[in-house]
Amino acid sequence: MEWSQEKTIELSEMYRCSPCLWDPQHPEYKKNAVKNDAWTAVSITVGCTAIEARKKRESLMASFRRERQKSQSQKSGAGAEESYNSK
């Protein structure tokens, strides 16, 4: 499935509105049936399957981790022109 920027943002917003998917303090965080239902609701809103939605979230998280690592790995004495600017 091709992910447009609008669909990606919508996926992110729907994910954020479902704390049982990401908040370990949520009472239903460990209930797989509830989490599967939440992923189904997210996928219906976005217009894909639940598996595709999960894969896209994992891809976004991996990209975020790489970018964060690049920005944190800069040497402390580096000048402004040497610092990494994320997209």
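**Stop 1: α1 against α4**

You are looking at a predicted model. Helix α4 covers residues 50–72. How do the two axes cross? The axes of α1 and α4 come within 11 Å and cross at roughly 95°. An angle from 65 to 115 degrees counts as roughly perpendicular, so α1 is roughly perpendicular to α4. Colour the contact of α1 with α4 by class.

**Stop 2: the whole chain**

Zoom out. The protein chain has four helices and zero strands. Along the sequence the pattern reads α-α-α-α. Colour the chain by burial. Of the 87 residues, 20% are buried. Next, look at contacts between residues at least 6 apart in sequence. Among these, 40% join residues at least 24 apart.

**Stop 3: α1 against α3**

Two packed helices are described by the angle between their axes and the distance between the axes. Here, α1 and α3 pack at an angle of about 150°, with their axes 10 Å apart. Angles over 145 degrees count as roughly antiparallel, so α1 is roughly antiparallel to α3. The crossing of α1 past α3 is right-handed.

Which residues make this contact? From α1, select Lys7, Glu10, Leu11, Met14 and Tyr15. From α3, select Trp39, Val42, Thr45 and Val46. By class, the contact of α1 with α3 has six nonpolar residues, one polar residue and two charged ones.

Keep Tyr15 on screen. Leave out its neighbours within four places in sequence. Tyr15 is then in contact with Leu21, Trp22, Trp39, Val42 and Arg57.

**Stop 4: the largest nonpolar core**

In soluble globular proteins, nonpolar side chains tend to be buried together. Show side chains for Trp3, Leu11, Tyr15, Cys20, Leu21, Ala38, Trp39, Val42, Val46, Cys48 and Ala53. These eleven residues form the largest nonpolar core. Which elements give two or more residues to this core? They are α1 (5–16), α2 (19–22) and α3 (32–46). Helix α3 gives the most, with four residues.

**Stop 5: α3 against α4**

Bring α4 back and turn to its contact with α3. The axes of α3 and α4 come within 8 Å and cross at roughly 90°. That angle makes α3 roughly perpendicular to α4. Select Lys35, Asn36, Trp39, Thr40 and Ser43 in α3. They meet Ala50, Ala53, Arg54 and Arg57 in α4. How does this contact divide by class? The contact of α3 with α4 has three nonpolar, three polar and three charged residues.

**Stop 6**

Start with Lys35, in helix α3. Leaving aside neighbours within four places in sequence, Lys35 is in contact with Cys20, Leu21, Glu28, Tyr29 and Arg54. Draw a distance from Lys35 to Pro19. The two are 16 residues apart along the chain, and their C-alpha atoms are separated by 9.5 Å.

Go on to Asn36, also placed in α3. Is Asn36 buried, partly exposed or exposed? Its relative accessibility is 39%, so Asn36 counts as partly exposed. Draw another distance, from Asn36 to Leu21. These residues lie 15 apart along the chain, with 9.0 Å between their C-alpha atoms.

Now select Ser43, found in α3. Its relative accessibility is 4%. Buried means under 20%, so Ser43 counts as buried. Setting aside neighbours within four places, Ser43 is in contact with Cys48, Thr49, Ala50 and Ala53.

**Stop 7: Cys48**

Finish at Cys48, in the loop between α3 and α4. Cys48 counts as buried because its relative accessibility is 13%. Cys48 is also one of the residues of the largest nonpolar core. What is in contact with Cys48, leaving aside its neighbours within four places in sequence? Select Met1, Trp3, Ser43 and Ala53 to see these partners. Last, draw the distance from Cys48 to Met1. They are 47 residues apart in sequence, yet 7.9 Å apart in space, C-alpha to C-alpha.

How values were computed:
Residues are numbered from 1 along each chain as its sequence is written. This is a predicted model: local features need pLDDT of at least 70, side-chain atom pairs count only at pLDDT 80 or more; totals for chains, interfaces and linings use all residues. Side-chain values use heavy atoms; hydrogens and water are left out. A nonpolar core is a set of buried Ala, Val, Leu, Ile, Met, Phe, Trp, Tyr and Cys residues joined through side-chain atoms within 4.5 Å. Buried means under 20% relative accessible area, exposed over 50%, partly exposed in between (1.4 Å probe, protein chains only). Contact means heavy atoms within 4.5 Å. Axes are lines fitted to C-alpha atoms, for helices over the stretch in contact, and angles run from 0 to 180 degrees between N-to-C directions. Angles under 35 degrees count as roughly parallel, over 145 as roughly antiparallel, 65 to 115 as roughly perpendicular and the rest as oblique. A crossing is left-handed if the near helix is turned anticlockwise from the far one by less than a right angle, and right-handed if clockwise. Ala, Val, Leu, Ile, Met, Phe, Trp, Tyr, Cys and Pro count as nonpolar, Asp, Glu, Lys and Arg as charged, and the others, Gly among them, as polar.
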